[in-house]
Amino acid sequence: MNWSAPLPGVVLVGTVLVAGAYVASVLDAGAARLVAGRPLRVGELVAGPWREAALLARIRRSTTERPDAQTWALAPALLAAMAGVAVATVPLAPGVAVADVDDGIVLFGAAMAVVMVGAFLHGWSSNSVFPLVGGYRFVALALSYEMPLALVLIAAALPAQSLSVGAIVESQQGLWNVVRQPLGLPLFLVAGMGLAFWGPLGMSDGADLAGGTGVEASGPDRLAWALARHFVLVAVAVMGAAVFLGGWQGPGLPGALWMAIKTLVLLAVVVGVGHRVARIRLERFVVVAWAVLIPLALVDVFASGALAL
Amino acid sequence: MTDAALVADVAIWLFGGGSVVAAWLVFRTDSMVRAAYWLLASFVAVGMVMVLLQARFLGLVLVLMMAGEMTIMAAFMVMFMMNPAGLNPMSMVHQHTTAKVAGVVAFAGLAFVGLVAEFPDRPVDPASEPTAELGEELLGDSMLIFETAGVTLLATMIGAIAIAGKRGRFGNAQEGSAPPPVDPDAPAGPDAHPSPMHGGHGGHGGMHH
Amino acid sequence: MGLLSAAAGRAEVPVFPVVGVGGRQAAEALWLMPGIRVVDSPRAAVLLVVVGRLTRALLHPTMLVHDQLPGPRATLWWPGAGGATPDDGAQGTEDLLAALPDVVTTVPGDTAGLLAVFADLLSGRRPSGRPALVDVEYPRWRGVGPHGHGGEGMMGGVPFGRPLAEMADDPDGLMLDQLPLRVGPFFPAWPPGLILDVGLQGDVLRGVAVGDNPYRSWPGDEPVGPLDTALFLATRTMATTVAALEVARARHHLRWLSRTLRGHGLAARAQRVGALAQSLSVDDRPVVEALARRLGRDAGLAAATSGVGIVDRAALERVGIDRYGGPVARAAGLGIDARTHDPAYADLGFAPVIHHEGDARARLRQRAAEAAQALSLAERAGEIVRPPGRPVEGPRGVLAPREPLPSSALLALLPDLLDGLEWGDAVTTVASLDLDLEEAALDQSVATWPARTSGGPTGASTTGAAPTSTGPAPTGPAPTSRVTP
């Protein structure tokens, strides 16, 4: 099948995003129960996301006084679309990629930069204080995420001698990047968690702002925003699995299954960290990002470059 | 003409037209944030045109950089314009006469060039790798220029961070900052103010003397 | 649609609690109930649960929050926790029942009743609650000014009915916008009832004033209901066992820990600690000791709290808390503890736990360590009985006859402490002080709380244009369901 044709491409990316978002929310609820010491109740966990989505679909939309309605509606769409673009660049099985272009990781970086625009607009356009503060928080932090993200991806591209995600996956035959470049995956996950404003880096939608950029959204709008956030998280996990965990490569099982397992593992790690680690202070994180994460990412680039030579 | 080439042609015209319309909307809106993002939309359209012209790397990097830069521009405009939170509508067009003259002159100049210039007709070899060629160019013959510019920018960034940091040029930021006094004999620095956190420290040297 | 409704009806019920007098414990129990999810914003809630008795000062904010629920919505009232019933003459509560005619009254903690209301609401058997307020435009702005939006030029007018932020100095020597904002009394990250009037420069607090305590009794109101420190206050007149006091202290600190963890974005861990607090007994000593050790070592919490909200000895002396002691003072190195000289503790080898940093992290470790210590004391105390009358060490400080209660002094710390903090740090700081507005309301003697002699919520604040007294959506709630005249 020609996955880069429009219809199969959209269906494939949409399926990956929706299935990933569903699994991520089941994992999230399961991790919450484990950490809280409550019984797991698999049936409830499996049905939970559908029920919540149905409830949000039933709740009425609300608005604020003088919002910028168009950009407010645009924000979740931007996030979802950019998550889709990011997933499209990744080969999900041998030969199954919607758009494995030769500048794949640059496209991923550009998509993640536009995610920042979406998160800011979501906070800004509702014309309310806490969402606005949340939006500005995201802007203040986004550079701190984008820099290490770009650097570790460049480092991963070095052994492949290509910016294409497919070539990066191929280059990990025999030795995954998570071993070859041990700094890469942790830095990527920190940055990715920030871009999906998840867990300790969910400062733009944090509990201290009563929900931040999402305070004013209700019903379908809230559902759209939650979905969009999950989509970004899935996109980050898919890219992480491809670039650092060898993508579809692995013994025995079919490639698509390996890819799904690796994505799941990364989602579980991120979701687990979200329930274990406290919300980080803005100021402290920026200092850590610039004084520790970016230098480490540079070390990663230099070491990978030296190895590649 | 193949289907793919037709699609590419149509897309180029759409993105080209889109970039002009978005750029026009920058000046039609009355909100600083919207203006910034219309400009971003215009840049994205230009980036897409570059992608379609096989300059994929440059096109995508343009989008990547501009998304960040336009957001920062919007944030700074809202912060520094004397129009808190952008609540009052604000015209995005100033100095009308100058703007009109500059616009007409620029249009005439570009139109003239467009009409009289002889554009080269060199179809790109489909097998070429523009990203690799760009890399060769930047890190091959132009290495010295590229590296000089890069290191200069890096030094500027580090310098800016050092100045803006907690222990910047005005002393510890936690204690409030104090600019150098206008009166050369007066003591400088945060100690000059009895209570920097609550006093009227401000960017107006000599205000409290 | 039928399938959708059926699925929606089985979702976790999103509730937004409104904590009235005596309702804090019952409201916190909501966090532990299966099938219920407490949400941070009324926009996300289907049920508004009013717990305890409303004072008149809480009535208008409650109505605002009610109208922010997007619907379908319903209001539940859990009386009783504050000792009130629908017909005992509590003024605010009667007003509530008049203002929200569809309120369903059930027993506090009645999960089944709550779920039934939710199911009825989603199946359409119960109509969605009508708005409590009408939309009033104030001041007039439509049609005013060059753009018809009420503004004039860059800085003038009242665009969209709201005055512009003023300019003010910022710590970097610039002049930047400062937005005056009232947050509370139901802001979920703060103790219920706390109202702060702050100036916001970006997300930095500039100029903080504590607003009127809405729990404060007005003429015609019932006195404040049972406090969360009721057992300790009762020692004034009643003999108690040391073991009971110390278990109550440990429970108090664990409940605080649970709230604090939630504020740091750790809802699941908060649930575990909250459940532990609910069923706490002397036998849980090893569990609590392990918890205290783990929290002390937790790097994420350390990064979030160390160096935040430093309360030093001078600040403590300024507000007089050096007389009360309590965990806040002990976390700043002041070893004041009424138990040191309490004969009932003489044989238990008591020595106060002390930390020196005085920041939010020290207070976290202080309370965790004191919870563990309390259980260890309870274990050793056996049947020792404490006679009534002597000053007792409460969970927030010394409770002595005819002395003000510690919460008032802790509240007085806020304005200086919060000024210049980033919003998240301010929330961390407020949480770390373990404030109780009801306890402060009981105290008539502290100058922070000017006595109010008459009047209810003022007319101006009931207009739709200034709905700033609700926490989560302070500037732009204007629910669509309101009627524009």
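The model is predicted: local features need pLDDT of at least 70, side-chain atom pairs count only at pLDDT 80 or more, and totals for chains, interfaces and linings use all residues. Residues are numbered from 1 along each chain as its sequence is written, while chains are lettered from A and ligands numbered from 1 in the order in which they are written.

**Helix H11 of chain A**

- Helices (H or I, at least four residues) and strands (E, at least two) are DSSP runs, numbered from the N terminus.
- Helix H11 of chain A holds 27 residues, 282-308, and should span 39 Å at 1.5 Å a residue. The expected span is 1.5 Å times one less than the number of residues.
- The end C-alpha atoms of H11(A) lie 36 Å apart, which agrees.
- H11(A) bends by about 40° at Ala289(A). The bend is the angle between axes fitted to the seven residues ending there and the seven starting there.
- Ala289(A) is also buried, and so are Leu282(A), Phe285(A) and Leu293(A), among others in H11(A). Buried means 20 or more other C-beta atoms within 10 Å of a residue's own, exposed 12 or fewer, and partly exposed in between, with C-beta atoms placed from the backbone.
- The cover over these buried residues includes H5 (129-160) and H8 (184-195) of chain A, together with H15 (423-432) of chain C.

**Where chains A and C meet**

- 50 residues of chain A are in contact with 53 of chain C. Contact means C-beta atoms, placed from the backbone, within 7 Å.
- H1 (6-36), H2 (42-58), H5 and H11 of chain A each supply at least two residues to the chain A side.
- H2(A) gives the most, with seven residues.

**Gly9 of chain A**

- Gly9(A) sits in helix H1 of chain A.
- Gly9(A) counts as partly exposed because it has 17 C-beta neighbours inside 10 Å.
- Ala88(A) is 79 residues away along the chain, yet its C-alpha atom is 7.7 Å from that of Gly9(A).

**Domains of chain C**

- Chain C is divided into domain 1 (2-123) and domain 2 (230-403). The bounds come from an automatic or database domain assignment.
- The two domain centres, taken over C-alpha atoms, are 31 Å apart.

**Confidence in chain B**

- Mean pLDDT is 78 in chain B, and 75% of its residues reach 70 or more. pLDDT is the predictor's confidence in each residue, from 0 to 100.
- Confidence is highest in helix H4 (residues 96-116) of chain B, at 93, and lowest in strand E1 (residues 167-168) of chain B, at a mean of 59.
- Residues 188-209 of chain B stay under 50.
- Where pLDDT is low, the predicted coordinates should not be read in detail.

Methods: Contact = placed C-beta atoms within 7 Å.
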